[in-house]
Amino acid sequence: MTFLLPAFPRLRLAAVAVGLWLCAFHGAGPVEAAKALTSLRVVVVDTDGKPIPRASIVVSRLKGKNKNKIKGDPLQIKTSLQGAAPLPPLEQGFYMVQVISSGYQTSGEMIELKEPEQEYSVVMKSHRDQFSVHTAK
């Protein structure tokens with residue numbers, strides 16, 4: 001039976017390798033804490049309170065409170081005819097929400113998602129005439 005003894009250390013080594021592989025591809029451990037999510041609804045209106053349909057909304061997850069560091073790809077969606085856009089559940093944390101619509105000034109603000117359901121309202125200001133100043137060198 002001496003030929004079976006070397007197989008046991010190999011079996012233990014194989015079991016450890018499989019366990020490490022499972023941890024690497026299926027989370028940090030067998031029990032992983034569920035991440036808190038928020039159902040966010042963005043409502044876009046003008047200064048008279050009228051809904052702005054088809055406004056473009058860009059939602060970017062931030063790395064902490066740093067407005068310059070985006071985590072992952074931004075989510076883009078348009079508002080309905082009623083000026084509302086329900087987003088899919090998002091991980092709680094800090095986000096930059098930008099709203100763009102023809103005839104209005106672009107809006108951008110950092111918000112924190114910390115409740116199971118939140119609504120974020122944006123009041124868009126009318127477009128102002130723009131001008132550029134160029135200097136000759």
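Two strands are taken to pair if DSSP finds at least two bridges between them, and helices (H or I, at least four residues) and strands (E, at least two) are themselves DSSP runs, numbered from the N terminus. The structure is a predicted model, in which local features need pLDDT of at least 70 and side-chain atom pairs count only at pLDDT 80 or more, whereas totals for chains, interfaces and linings use all residues. Residues are numbered from 1 along each chain as its sequence is written, and side-chain values use heavy atoms, with hydrogens and water left out.

The protein chain holds one helix and eight strands, and the order of these elements from the N terminus on is α-β-β-β-β-β-β-β-β. Of the 137 residues of the protein chain, 26% count as buried, where buried means under 20% relative accessible area, exposed means over 50%, and partly exposed lies in between (1.4 Å probe, protein chains only). The accessible areas come from the Shrake-Rupley method with a 1.4 Å probe, and for residues only the protein chains shown count as cover.

The pairing of strand 1 with strand 4 is antiparallel and comprises three bridges, with Val42 standing opposite Ala85 in strand 4. Strand 5 (residues 90–91) also runs antiparallel to strand 1, the two being joined by two bridges, and here Thr38 stands opposite Leu90 of strand 5.

Strand 2 (residues 56–61) is largely enclosed by the rest of the structure, because five of its six residues are buried. Strand 2 and strand 3 run antiparallel and are joined by four bridges, and Ile57 stands opposite Ile77 in strand 3. Strand 2 also pairs with strand 6 (residues 93–100), in the antiparallel sense and over six bridges, and the bridge partner of Val58 in strand 6 is Gln98.

A search of the whole structure finds two salt bridges, the criterion being a side-chain nitrogen of Lys or Arg within 4 Å of a carboxyl oxygen of Asp or Glu. In one of them, Glu119 forms a salt bridge with Arg41, and the closest N and O atoms are 2.7 Å apart. Since Glu119 lies in strand 8 and Arg41 in strand 1, this pair ties together parts that are 78 residues apart in sequence. Arg41 counts as partly exposed, because its relative accessibility is 37%. The side chains of Arg61 and Glu91 likewise meet in a salt bridge, at 3.9 Å from N to O. This pair links distant parts of the chain, with Arg61 in strand 2 and Glu91 in strand 5, 30 residues apart. Arg61 is buried, its relative accessible area being 17%, whereas Glu91, with a relative accessible area of 30%, is partly exposed.

A positive surface patch is formed by Lys35, Lys63, Lys69 and Lys71. Patches are made of residues with over 30% relative accessible area and no salt bridge, like charges being joined within 9 Å and nonpolar side chains (Val, Leu, Ile, Met, Phe, Trp, Tyr) within 5 Å.

Arg54 is found in the loop between strand 1 and strand 2, where its phi is near 60°, a positive value in a residue other than glycine. With a relative accessibility of 54%, Arg54 counts as exposed. Gln82, for its part, is placed in the loop between strand 3 (75–78) and strand 4 (84–86), and at 58% relative accessibility Gln82 counts as exposed. Although Gln82 and Pro51 are 31 residues apart in sequence, their C-alpha atoms are 5.6 Å apart in space.

Notes
Lys, Arg positive; Asp, Glu negative; His and termini not counted. Charge placed at Lys NZ, Arg CZ, Asp CG, Glu CD.
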